[in-house]
Amino acid sequence: MSTTTWHFVRHGESVANAQGWVAGHVDAGLTRAGVEQAEALRPALAELRPGRVVSSDLVRARRTAELAWGARTPGLEVHEALRERHLGAWEREPLGRLRRDGRIRTLYSWRGAPPEGESQRMLSKRVLTWLAAHDDGTDTLLFVHGGLIRCVVGLVDGTDPEQIGFWKVKNTEWVQRALPTGRWAELLEELP
């Protein structure tokens with residue numbers, strides 16, 4: 001059985017991160033610090049030789065990919081399925097307000113979802129479906145979002161789903177996992 005290496009990189013600091021509100025599917029751009037973080041990734045990524053480079057279509061991830069990967073080969077693919085968790089009616093809400101009124105517990109829980117939004121479980125199902133469909137033995141570099149990384153890497157690592165929401169993935173943090181081909185499909189089937 002072949003093994004594939006998956007490199008997950010969270011986007012640089014976004015306006016939402018800097019101002020303390022939740023973005024979800026809102027297209028929050030990078031701050032100056034976010035641009036610098038993305039540019040600082042370039043030397044570290046120079047040693048990578050992935051067969052595929054993919055980004056979420058949201059500008060904070062796509063711009064991070066453009067700055068960190070540049071025009072290298074392979075070229076950048078962009079996919080909507082790799083977006084951050086949709087936070088529905090809570091998008092643009094200040095994190096402090098979500099903490100004060102107790103809604104933050106819903107965000108951290110595995111099955112809780114904001115009105116018109118996704119739970120972590122729903123996000124995982126969407127992303128695992130994409131990963132399973134692209135699990136063809138090609139080492140892949142993905143520029144994505146903290147919630148996405150938290151969920152799929154948490155599942156790979158066997159983290160209790162109710163604890164997955166508590167891992168804070170830093171801006172431009174790089175997490176890699178080597179997995180046997182077919183593991184994403186197995187995780188999708190086993191999704192709690």
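**Exercise 1. Work out whether Leu87 is buried or exposed, and what surrounds it.**

Step 1: Leu87 has 8% relative accessibility, so it counts as buried (buried means under 20% relative accessible area, exposed over 50%, partly exposed in between, with a 1.4 Å probe and protein chains only). Keep in mind that this is a predicted model, where local features need pLDDT of at least 70, side-chain atom pairs count only at pLDDT 80 or more, and totals for chains, interfaces and linings use all residues. Residues are numbered from 1 along each chain as its sequence is written, and side-chain values use heavy atoms, with hydrogens and water left out.

Step 2: Find Leu87 in the loop between S3 and helix H4 (95-100). Helices (H or I, at least four residues) and strands (E, at least two) are DSSP runs, numbered from the N terminus.

Step 3: Skip the neighbours within four places in sequence, and Leu87 is in contact with Val22, Gly24, Leu107, Pro114, Pro115 and Gly117 (contact means heavy atoms within 4.5 Å). Gly117 sits 30 residues away from Leu87 in sequence, yet the C-alpha to C-alpha distance is 4.6 Å.

**Exercise 2. Describe how H6 packs against H7 and against H9.**

Step 1: Start with H7. The axes of H6 (residues 120-133) and H7 (residues 146-156) come within 9 Å and cross at roughly 75°. That makes H6 roughly perpendicular to H7 (angles under 35 degrees count as roughly parallel, over 145 as roughly antiparallel, 65 to 115 as roughly perpendicular and the rest as oblique). Among the residues that meet are Leu123, Val127 and Leu131 from H6, with Leu148, Val152 and Leu155 from H7.

Step 2: Move to H9 (residues 183-190), whose axis is 8 Å from that of H6, at an angle of about 150°. H6 is therefore roughly antiparallel to H9. The H6 residues meeting H9 include Leu128 and Ala132, and the H9 side includes Trp184 and Leu188.

**Exercise 3. Find how many residues of H7 are buried and what covers them.**

Step 1: Count them: 11 of the 11 residues in H7 are buried, including Arg150.

Step 2: List the cover. The buried residues of H7 pack against S1, H6, S4, helix H8 (161-164), S5 and H9.

Step 3: Check what follows. Just after H7, Gly158 takes a positive phi of about 80°.

How values were computed
Axes are lines fitted to C-alpha atoms, for helices over the stretch in contact, and angles run from 0 to 180 degrees between N-to-C directions.
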